[in-house]
Amino acid sequence: MDSFASKGCSALLILSASFCGVSAAHAQTPTYPTKSIRMVIALAPGGGVDTTGRIIGQKLSSAWGQPVVADNRPGAGGTIAAEAVARAAPDGYTLLMVSAGITITPSIMKLSYDPAKDLLPVTLAVISPGVMVVHPSVPAKNVKELIAFAKARPDELFYSSSGPGSAQHLAIALFSQMTGLRMTHVPYKGTAPSITDVVGGRIALTVASVISTRPMFTTGKLRALATVGTKRTPALPDMPTIAESGVPGFGVDNWYALFLPGGTNKAIAVKLQEAVARIVLEPEMHKQMLAQGLDAVGSTQEEFAKVYAAEFPKWAKVVRTVGLQAN
């Protein structure tokens with residue numbers, strides 16, 4: 001563990017109902033925090049979720065005068081960390097920092113907790129925008145040309161991902177479903193080797209974060225076709241989304257978000273949400289996040305609850321289509 005201070009579906013109904021009475025609860029805010037807070041981070045040290053969590057934790061510690069302690073618990077698509085928080089006391093002193101992949105895992109894994117009831121969404125802190133990239137040998141300059149090229153060659157184009165059931169895998173599977181394409185999935189053990197083989201020409205295309213692909217597409221080793229999010233990213237303001245490029249309705253946001261254990265006092269959740277929103281939207285912090293390829297959001301609880309609830313059925317449908325089985 002590391003201290004930030006020292007380092008200096010009924011799902012929609014359940015989630016919507018959980019916000020009833022927030023105003024009243026806010027008026028009766030308990031004294032919080034009065035001791036150290038544990039932030040359980042669902043990925044290993046050094047990644048985007050970890051870095052974002054540590055920055056937020058450090059700022060919270062400075063603002064509140066209490067240590068925020070990082071507890072990295074990677075593995076199993078975020079479920080190890082999520083279960084630890086779901087089982088924690090709902091007193092505001094255990095937080096979960098996790099990526100959007102948490103909404104995929106219920107469709108491919110049997111869980112010992114209910115992500116709709118046992119976790120309380122607090123705020124969507126940032127989005128790590130993704131981009132669809134191809135090897136330069138693929139003669140497509142945009143998404144429409146890629147679709148035409150791939151349709152003329154069913155099953156011949158290979159796309160890579162960081163593993164079966166990963167956000168990258170399912171983003172391209174969703175793209176294929178919406179466009180009627182037949183492409184072959186090649187899973188890797190991680191994002192870096194997935195990108196490396198696209199650069200090497202052994203794989204035609206992939207989807208990955210802007211920050212991990214920008215060095216390649218700005219030097220011509222890859223060609224970026226479009227961003228995959230629901231709206232354009234400030235990191236690439238002139239690049240259209242896939243939805244703008246001929247696939248209306250497509251949008252996949254890889255967000256990093258904070259949760260509390262289900263049943264936590266709503267006033268505590270509101271205080272935490274407001275504090276995190278101030279942190280990520282502060283101009284200097286916003287600039288720092290953008291330099292790391294992240295879009296600051298700081299959503300309200302209500303906004304995030306709607307996004308969170310909508311993700312489960314969306315990915316369940318894609319998982320069924322690609323034939324992944326829960327285990």
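Contact means heavy atoms within 4.5 Å. All views show a predicted model, in which local features need pLDDT of at least 70, side-chain atom pairs count only at pLDDT 80 or more, and totals for chains, interfaces and linings use all residues. Residues are numbered from 1 along each chain as its sequence is written, and side-chain values use heavy atoms, with hydrogens and water left out.

**View A. Threonine 105 lies in helix 5 (residues 105-108).** Helices (DSSP H or I, at least four residues) and strands (E, at least two) are numbered from the N terminus. Threonine 105 has 4% relative accessibility and therefore counts as buried (under 20% relative accessible area; exposed is over 50%, partly exposed in between; 1.4 Å probe, protein chains only). With residues up to four places away in sequence left out, threonine 105 is in contact with Ala76, Gly77 and Thr79.

**View B. Threonine 103 sits in the loop between strand 4 (94-99) and helix 5.** Threonine 103 is at 0% relative accessibility and so counts as buried. Beyond four places in sequence, threonine 103 touches Trp255, Tyr308, Glu311, Phe312 and Trp315. Glycine 77 is 26 residues from threonine 103 along the chain, and the C-alpha atoms of the two are separated by 9.5 Å. Glycine 77 is also among the residues touched by threonine 105.

**View C. Threonine 123 belongs to strand 5 (residues 119-127).** The relative accessible area of threonine 123 is 0%, so this residue is buried. Setting aside residues up to four places away in sequence, the residues that touch threonine 123 are Ala257, Leu258, Gln273, Val276, Gly298, Ser299 and Phe304. Val276 also takes part in the contact between helix 3 and helix 10, the subject of View E.

**View D. Strand 2 (residues 37-41) and strand 3 run parallel and are joined by 5 bridges.** Pairing of two strands requires at least two DSSP bridges between them. Methionine 39 has alanine 70 of strand 3 as its bridge partner, and valine 40 has aspartate 71 of strand 3. Strand 3 (residues 68-72) is mostly covered, with 4 of its 5 residues buried.

**View E. Helix 3 (residues 48-64) packs on helix 10 (residues 266-281) at an angle of about 115°, with the axes 10 Å apart.** This angle makes helix 3 roughly perpendicular to helix 10 (65 to 115 degrees; under 35 is roughly parallel, over 145 roughly antiparallel, the rest oblique). Axes are lines fitted to C-alpha atoms, for helices over the stretch in contact, and angles run from 0 to 180 degrees between N-to-C directions. Helix 3 contributes Ile56, Lys59, Leu60 and Trp64 to the contact, and helix 10 contributes Lys271, Leu272, Ala275, Val276, Ile279 and Val280.

**View F. Helix 3 also crosses helix 11 (residues 283-291), at roughly 165°, with the axes coming within 12 Å.** The crossing makes helix 3 roughly antiparallel to helix 11. Thr52, Ile55 and Lys59 of helix 3 meet Met285, Gln288 and Met289 of helix 11.

**View G. Five strands form an open sheet of mixed pairing, in the order 8-7-9-6-10.** Strand 8 (184-187) and strand 10 (223-227) are at the edges with a single partner strand each, so one side of each has no neighbour in the sheet. On average, neighbouring strands are turned by 30° against each other, direction ignored. Strand 7 (residues 158-161) pairs with strand 9 (residues 205-209) in the parallel sense over 2 bridges. Tyrosine 159 has leucine 205 of strand 9 as its bridge partner. Helix 8 (residues 191-199) packs on the sheet, where it touches strand 6 (130-134), strand 7 and strand 9, and its direction makes about 140° with that of strand 9. Helix 9 (residues 210-217) also packs on the sheet, touching strand 6, strand 9 and strand 10, with its direction at about 125° to that of strand 9.

**View H. Ser194, Ile195, Asp197 and Val198 are the buried residues of helix 8.** They cover an arc of only 160° around the axis, which puts them on the same side of helix 8 (the arc is that of the directions from the helix axis to the C-beta atoms). These buried residues pack against strand 6, strand 7, strand 9 and helix 9. Glycine 201 follows helix 8 and has a positive phi, near 85°.
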